[in-house]
Amino acid sequence: PNAFDGILAAAPAINLETFIPAAYWPTQVMRELKVYPAPCEIEAFTKAAIQQCDALDGDEDGIISMPESCHFEASRLIGKEFSCDGEQRSFTKEAAMVVEAAWNGVHGQGVEWYGLNKDADLTQSAITTSCNTGNEDCRYDNHNRDLFSPWFRSFAAKDPEFMVGNMNTSTFFSLLSTSIIEFRNAVGADDPDLRAFQAAGGKLISWHGMADTIIPPAGTTAYYQRVLQATNNTIDFYRHFETPGVGHCVSGAAGLPERALGQLMAWVERGKEPEVLLASKNGSNISLCPWPKRRVYVGPDPKV
């Protein structure tokens with residue numbers, strides 16, 4: 001608690017032992033089904049969700065800013081047509097199951113973990129495949145492809161020859177449970193009792209992109225809620241900001257809070273509390289509200 005006067009935690013990788021193996025769940029569902037949806041179908045599900053839930057904050061800007069109010073289900077689209085590179089296709093039941101696994105997260109056999117928000121680019125992380133099935137549509141340009149499988153081999157199964165792609169659902173849940181039980185104390189980093197850091201005068205700002213493709217942002221928000229319960233006057237030393245439209249530490253459809261470190265320094269050195277977190281994109285400035293507040297557009301009509 002005395003190591004730092006201030007901490008900036010961007011998309012913090014707390015619960016590493018859980019979110020890494022849990023992120024493999026939609027891939028596990030896909031491989032159990034033995035159906036590999038085309039990336040354009042996965043993207044069409046995301047586009048439909050954004051169209052449904054974009055305006056919840058009063059402004060249609062291609063961003064889902066209020067994901068807890070977005071109750072869109074992929075299964076609604078089964079059988080409906082969408083365009084893929086100029087070709088008309090129909091949404092399939094299997095693809096809907098894979099997408100909902102990514103959105104809903106892991107639930108079963110005593111384990112629960114959060115899914116990604118519905119405007120996250122699922123083809124970049126949550127749905128991965130080795131693309132060696134011979135299926136022409138299996139073309140996921142995913143730089144995170146090697147993030148999840150090694151965890152199962154090296155940590156959960158402790159077998160460098162373990163064939164992750166051959167897991168059945170029972171084995172998946174067994175290894176996920178093993179990961180949580182054996183490694184939570186070592187790498188979990190989710191202790192909400194920050195009273196010693198608070199007493200030392202420390203200041204903490206965390207922010208998490210709501211369109212993160214690797215770490216579910218709901219996990220960070222849940223952690224902050226636990227801190228609120230474990231400490232008094234939490235906002236005097238720790239404030240969390242949800243950043244709509246932002247991916248994993250990179251700007252997406254919205255602005256990136258690149259000045260957060262400066263705001264943390266101002267809080268630590270001059271006592272200037274971060275009432276909002278400042279973000280910018282393409283020259284436009286955005287003020288992000290501390291949780292649980294949300295930015296809501298109140299008018300006039302943004303299209304005028």
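Let's start with Asp193, which is partly exposed because its relative accessible area is 35%, a value between the cut-offs of 20% for buried and 50% for exposed. This is a predicted model, so keep that in mind as you look around.

The side chain of Asp193 meets that of Arg195 in a salt bridge, with 2.8 Å from N to O. Arg195 has a relative accessible area of 48%, so Arg195 is partly exposed too.

Now find Asp190. Is Asp190 buried or exposed? Its relative accessible area is 9%, so Asp190 counts as buried, since the cut-off for buried is under 20%.

Asp190 takes part in a salt bridge with Arg184, where the closest N and O atoms are 2.8 Å apart. Arg184 is partly exposed, because its relative accessibility is 39%. Asp190 also forms a salt bridge with Arg226, at 3.8 Å from N to O. This second pair links distant parts of the chain: Asp190 sits in the loop between α6 and α7 (195-199), while Arg226 belongs to helix α8 (residues 217-230), and the two are 36 residues apart. Arg226 has 33% relative accessibility, so Arg226 counts as partly exposed.

## Salt bridges across the structure

How many salt bridges does the structure hold? There are nine. Beyond the pairs described above, you can look for a network of salt bridges that links Glu68, Glu242 and Arg294.

## Two helices side by side

Next, turn to helix α2 (residues 25-33) and helix α6 (residues 169-187). Two packed helices are described by the angle between their axes and the distance between the axes. Here, the axes come within 10 Å and cross at roughly 165°.

What does that angle tell you about the directions of α2 and α6? The two helices are roughly antiparallel to each other, because angles over 145 degrees count that way. The crossing of α2 and α6 is right-handed.

## A nonpolar patch on the surface

Finally, have a look at the surface. Which residues form a nonpolar patch there? They are Leu8, Leu261 and Met265, and together they have about 250 Å² of accessible area.

Leu261 is a handy place to begin your search, as a member of helix α9 (residues 260-270). With a relative accessibility of 49%, Leu261 counts as partly exposed, because exposed means over 50%.

Definitions and conventions: Residues numbered from 1 in each chain as written. Predicted model: local features only at pLDDT ≥ 70, side-chain atom pairs only at ≥ 80, totals over all residues. Heavy atoms only, no water. Patch = residues over 30% accessible without salt bridge, like charges linked within 9 Å, V, L, I, M, F, W, Y side chains within 5 Å. Areas by Shrake-Rupley, 256 points an atom, 1.4 Å probe, with all protein chains shown as cover. Salt bridge = Lys/Arg side-chain N within 4 Å of Asp/Glu carboxyl O. Helix = DSSP H or I, 4+ residues; strand = E, 2+ residues; numbered from the N terminus. Buried < 20%, exposed > 50% of the residue type's maximum accessible area, 1.4 Å probe, protein only. Axes fitted to C-alpha atoms, helices over the stretch in contact; angles between N-to-C directions. Parallel < 35°, antiparallel > 145°, perpendicular 65-115°, else oblique. Left-handed = near helix turned anticlockwise from the far one by under 90°.
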